[in-house]
Amino acid sequence: MKFAYVVLALMTMMSGALAANQPDPAADLKAFQGYFQHRFPKVPLSAYVDGPYTFSESERAQWKQIMEFPPYQFALDSGKTLFEAKFPNGKDYASCFPNGGIGIAQDYPKFDPKTGQVVTLGSAINQCRVANGLDTLKLTKGDMADLLAYMTYTSRGKPIDVVVPDDPRALAAYQAGKEYFYSRRGQLNFSCSSCHVQEAGKHLRGNVLAPALGMTASFPIYRSKWGDMGTLVRRFIGCDKKVKSAPDKPDSATYRDLAYFLTYMSNGLPIAGPGARP
Amino acid sequence: MKPFGVAVMMLLVLPGVAMADGATKAGADQDIALAKAKMQAAAALGNQWTPTEAAFKRAEAAEQKGDFAAAQKAAARARQLADLSIGQATAQKKLWTGAVPH
Amino acid sequence: MAHQILVRAQTAGGSTTVEALVKHPMDSGFVKDAAGKLIPPHYIEVIEFTHNGKVVLTGFWGPAVSQNPFIKFAFKGGKSGDAIGVSWVDNKGETANTTAKIM
Amino acid sequence: MNDADQGRPRQPRRREVLAGVAAGGVALLLPPVARAAENVGAANAAIYPTKAFAQKSEAAALQALFGKTPVPSAKVTMDAPDIAENGAVVPVAVDSSLPDVTMVALLAEDNPFTLACAYKIPPGTSPAISSRLKLAKTTKVVAVTESGGKLYSTDKQIKVTLGGCG
């Protein structure tokens with residue numbers, strides 16, 4: 001026991017010099033995208049939205065075949081129907097969003113200066129429902145995934161444009177997401193970045209690890225393993241469990257901040273969701 | 001030395017520690033309470049491990065069944081795992097910046 | 001939305017290509033649910049495609065066909081606006097059908 | 001999107017069954033009265049080959065389905081991945097340059113039941129068919145086509161790895 005602590009303490013001291021200064025999202029973005037471009041000089045930035053298929057030719061060929069008639073098609077249709085349905089009070093989702101909710105997914109997650117909180121498109125949908133006297137939807141799958149599939153589809157091709165305003169609360173949320181992303185956790189002692197930055201493109205058992213760059217652009221996804229649609233937060237929860245870390249609640253600030261940071265890192269890349277993944 | 005090595009070492013250190021003597025209900029309850037307190041501290045750091053939760057559940061279940069020795073053993077395990085996750089989270093408060101691409 | 005069938009039929013060069021995606025669990029009977037109980041087999045056994053009422057393909061499926069099955073095939077003839085019919089029956093006797101027009 | 005009445009859970013309607021689905025498969029599920037009526041529209045019907053789908057070897061499944069054995073032929077082609085990224089969804093496309101193909105079947109040797117699917121090809125329909133299969137583990141997949149009353153086949157080994165954290 002003690003020995004482990006000594007090692008930890010030593011490592012803490014060694015890395016103390018690297019401690020973060022003031023959050024600087026723009027500089028982070030440049031370094032993050034630069035890291036991938038340096039490691040994979042032949043891969044154009046926009047190709048990263050293809051996730052694991054960015055790197056694997058044979059898997060890419062299978063995926064292309066599956067994308068001929070993508071399995072999220074049912075979700076898209078159902079999402080459109082849900083989105084266009086009127087609430088009991090006569091209003092609808094369109095009334096809650098800029099531009100009637102069409103072609104806006106690239107702007108999320110957003111910082112809400114009124115609450116000081118990060119709002120994902122999913123939590124915005126739930127806020128809209130609550131404002132109209134309805135229950136919230138489960139954020140991980142089902143109707144929420146279908147609604148997100150449709151709304152994201154109307155943003156396809158638009159460059160991701162997440163804004164971190166010069167507000168200490170927004171910067172703090174961004175920083176919290178960043179810290180979560182790079183912190184090792186769980187009994188297996190992995191961080192998000194261990195797999196999706198350092199090891200991106202390599203195989204973990206049967207699958208190619210998706211790069212963190214462009215990762216959020218394809219959500220929600222139809223995942224063959226789930227046989228079902230799932231949202232980004234469903235994937236966060238899955239990854240946390242995989243490294244034997246107890247997941248947080250789907251609407252927790254932890255996951256909203258993580259989505260904020262991670263999506264910001266893909267700024268400029270085109271929205272490609274909904275997606276299909278193994 | 002990579003932090004991953006630390007986790008491996010942490011795991012290696014574990015088996016020698018859990019010793020359940022004099023298994024009574026009071027002893028089991030006390031160990032469960034101790035484990036719970038540690039787990040609350042881990043949760044406050046946002047770093048509970050799922051095996052910690054599993055061990056704690058095993059402890060509670062054994063206590064319910066009156067198997068106090070097993071309850072104490074599982075509670076001690078939960079406490080140690082929680083302790084390790086606290087150590088990990090505390091260390092990562094500084095270490096995480098080392099993983100950021102520059 | 002329990003029984004959806006999406007159909008896309010396009011004609012080019014005297015031949016019509018039909019693609020269909022069928023919503024169905026296609027449970028094999030070998031998979032356990034969250035509670036550890038085997039999910040009983042539930043899969044489409046026969047699917048049939050018609051062009052203006054004439055059968056152009058009959059498929060026999062077993063449990064090894066993927067969930068939400070996809071199928072693509074082509075037949076000679078067919079023109080824009082013709083009707084493509086799809087119908088299926090599964091091992092529990094459930095059925096569904098739809099009609100789409102050739103694009 | 002399609003305009004027809006897709007969706008809504010409901011009881012099977014006999015008329016749809018008559019007009020649509022191959023009557024043989026349905027016949028087993030309907031009461032005798034319905035079965036008698038149904039045969040009227042059953043010119044194209046085929047019996048669902050229940051027995052063939054229950055076989056646990058390639059030879060037995062083909063025997064049950066066709067009553068004969070195939071010969072390997074370069075005129076049957078199969079497009080499938082070397083390594084399946086997920087065994088639950090493996091795209092497999094079959095084609096054949098043989099004339100007058102009447103049946104196409106796909107078999108996965110190491111699946112619990114060997115026969116995966118079979119297609120009856122009427123005149124005018126191409127033998128090129130794409131679908132997606134479940135493969136339980138790494139296995140030889142066999143494509144068989146029936147042409148002029150004879151069977152021809154090709155096969156391919158498809159590697160299936162474990163699904164993990166992707």
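## Basis of the description

This is a predicted model, in which local features need pLDDT of at least 70 and side-chain atom pairs count only at pLDDT 80 or more, while totals for chains, interfaces and linings use all residues. Residues are numbered from 1 along each chain as its sequence is written, chains are lettered from A and ligands numbered from 1 in the order in which they are written, and side-chain values use heavy atoms, with hydrogens and water left out.

## Chain D as a whole

Chain D contains five helices and nine strands, where helices (H or I, at least four residues) and strands (E, at least two) are DSSP runs numbered from the N terminus. Along the sequence these elements follow the pattern α-α-α-α-α-β-β-β-β-β-β-β-β-β.

Chain D has 166 residues, of which 50% count as buried; buried means under 20% relative accessible area, exposed over 50%, and partly exposed in between (1.4 Å probe, protein chains only). Among the contacts in chain D with a separation of 6 or more, 56% are between residues 24 or more positions apart, a contact being heavy atoms within 4.5 Å. The accessible surface of chain D is about 7,600 Å², and carbon and sulfur atoms make up 56% of that surface (Shrake-Rupley method with a 1.4 Å probe; for residues, only the protein chains shown count as cover).

## A helix pair in chain A

In chain A, helix H5 (residues 121-131) packs against helix H6 (residues 143-153) at an angle of about 110°, with their axes 10 Å apart. Here axes are lines fitted to C-alpha atoms, for helices over the stretch in contact, and angles run from 0 to 180 degrees between N-to-C directions. H5(A) is therefore roughly perpendicular to H6(A), a term that covers angles of 65 to 115 degrees.

Where the two helices touch, A:Leu121, A:Gly122, A:Ile125 and A:Asn126 of H5(A) meet A:Met144, A:Leu147, A:Leu148 and A:Met151 of H6(A). By class, this contact has six nonpolar, two polar and no charged residues (Ala, Val, Leu, Ile, Met, Phe, Trp, Tyr, Cys and Pro count as nonpolar, Asp, Glu, Lys and Arg as charged, and the others, Gly among them, as polar).

## Two buried residues

A:Asp50 is located in the loop between helix H2 (25-39) and helix H3 (57-67) of chain A. A:Asp50 counts as buried because its relative accessibility is 13%. Apart from its neighbours within four places in sequence, A:Asp50 is in contact with A:Arg60, A:Trp63 and A:Arg277.

C:Thr58 belongs to strand E4 (residues 54-61) of chain C, and with a relative accessible area of 2% C:Thr58 is buried. Although C:Thr58 and C:Glu48 are 10 residues apart along the chain, their C-alpha atoms are separated by 4.5 Å.

Technical notes. Angles under 35 degrees count as roughly parallel, over 145 as roughly antiparallel, 65 to 115 as roughly perpendicular and the rest as oblique.
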